[in-house]
Amino acid sequence: MDVVNQLVAQGQFRILKVPLGFIKVLEWFFAIFAFSTCGSYSGMFQMSVECKNRTDSDLSIEVEFEYPFRLHQVYFDAPTCKGGTTDRLFLVGDYSSSAEFFVTIGVFAFLYSTAALSIYIFCFEKYKENNKGPLIDLGVTGVFAFMWLVSSAAWAKGLSDVKTATDPDMVITMIPACDMKENLCREVHDPVMSGLNTSVAFGFVNLILWVGNLWFVFKETGIIAPFMRAPPPQAKPAPDAYGQQGAYEQDPYASNQGGYQPNYSQQGYNQDAEYGQGYGQQGAPTSFSNQM
């Protein structure tokens, strides 16, 4: 317990709150769902063959199949409606390659997600040292994204073929006794494929998660840093108060009026001086007494 407590104390669990760690947790969970829903599947369908001679009939023919869906190895015994004998018939198809490939990718994705989360929590500083960790993580994430695309598409096609090969209506056509009009053949129970449908859905969800995680791992590499532009400098905020604006700005109309202010007292004095000078040059008028 002491070792566990020390590891927990040294771990940087806050990395799980950021997209890099949180998406890795989702990848871990959905990888488990993907390979478990496919790898643990087992199904069954049921048919009935009612012969003209009721004693030769078999009203409950059960056919069981499971992962990895090597259906050519699955067989069942069907009545021939001829003296109580039976024929051993095999299903058609081998779809193990696509199913096993899908499960293998899910298991390896689960293991890598576990290792990556451990490194994020306990060795994140060494992970970012010299960008080696993010570059390796980016490459592996890209490979898994591609593998999820291929495996999910292949398993979706394989599942479609499995549904066709296990369709009771299709299997009934393989029974020779059902070709005779006097015999009645019908399906009793269809196989339940909801678990396999879910596995395909989980496969494509994993594809979306791993493709989306490429961006967050790419940012950790620092490759994009030289191409990031610095934000432009912010302009100085304008003064809010009216008093501050009046203290730093002058009224343009007041300045214009102040530029043109004629000095009426000085102008009048100059005019009087010029008038007196002109009058003196012309000579003073003779007095009235002299004229007389």
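# A guided tour of the helices, loops and rings

Buried means under 20% relative accessible area, exposed over 50%, and partly exposed in between, with a 1.4 Å probe and protein chains only. This is a predicted model, where local features need pLDDT of at least 70, side-chain atom pairs count only at pLDDT 80 or more, and totals for chains, interfaces and linings use all residues. Residues are numbered from 1 along each chain as its sequence is written, and side-chain values use heavy atoms, leaving out hydrogens and water.

Switch to a cartoon view. The chain has 11 helices and five strands. Both are DSSP runs numbered from the N terminus: helices are H or I with at least four residues, strands are E with at least two.

**Stop 1: helix 2**

Select residues 19–39. This is helix 2, with 21 residues. From first C-alpha to last it reaches 30 Å, close to the 30 Å expected at 1.5 Å a residue. (The expected span is 1.5 Å times one less than the number of residues.)

Now colour L20, G21, I23, K24, E27, A31, A34, F35 and C38, the buried residues of helix 2. They cover an arc of only 155° around the axis, so they sit on the same side of helix 2. The arc is that of the directions from the helix axis to the C-beta atoms.

What covers them? Show helix 3 (96–122), helix 4 (124–128), helix 5 (132–165) and helix 7 (194–221), which are among the cover.

**Stop 2: helix 7**

Move to helix 7. It has 28 residues and reaches 41 Å from its first C-alpha to its last, close to the 40 Å expected at 1.5 Å a residue. Its buried residues include F202, N206, W210 and N213. Helix 2, helix 3, helix 4 and helix 5 are among what covers the buried residues of helix 7. Step just past the end of helix 7: G222 has a positive phi of about 80°.

**Stop 3: the annotated regions**

An unreviewed UniProt entry carries the annotation "transmembrane region" for residues 21–42, 101–123, 135–156 and 200–218. UniProt positions are given in the numbering used here, feature names are shortened, and annotations may be inferred rather than shown by experiment. Select 135–156: the chain there is 100% helix and 0% strand, with end C-alpha atoms 32 Å apart. Then select 200–218, also 100% helix and 0% strand, with end C-alpha atoms 28 Å apart.

**Stop 4: two loops**

Zoom in on the loop between strand 2 (58–66) and strand 3, where P68 lies. The peptide bond from Y67 to P68 is cis, with omega near 10°. F69 is in the loop between strand 2 and strand 3 too. Its phi is near 65°, a positive value in a residue other than glycine. Is F69 buried or exposed? F69 counts as buried, at 0% relative accessibility.

Go on to C81, in the loop between strand 3 and strand 4. Phi of C81 is near 60°, again positive in a residue other than glycine. C81 is buried, with a relative accessible area of 16%.

**Stop 5: aromatic rings**

Show the side chains of Y41, F45, F65, Y67, F69, F102, W148 and W155, which form one aromatic cluster. Rings of Phe, Tyr and Trp (its six-membered ring) pair if their centres lie within 6.5 Å; planes under 30 degrees apart are stacked, over 60 edge-to-face, and the rest tilted.

How many aromatic pairs are in the whole structure? A search finds 22. Pick out Y75 and F90, a tilted pair: 5.6 Å centre to centre, 55° between the planes. Y75 lies in strand 3 (residues 75–79) and F90 in strand 4 (residues 86–90), so the pair ties together parts 15 residues apart in sequence. Y75 is partly exposed at 43% relative accessibility, and F90 is partly exposed at 41%.

Terms used: Contact means heavy atoms within 4.5 Å.
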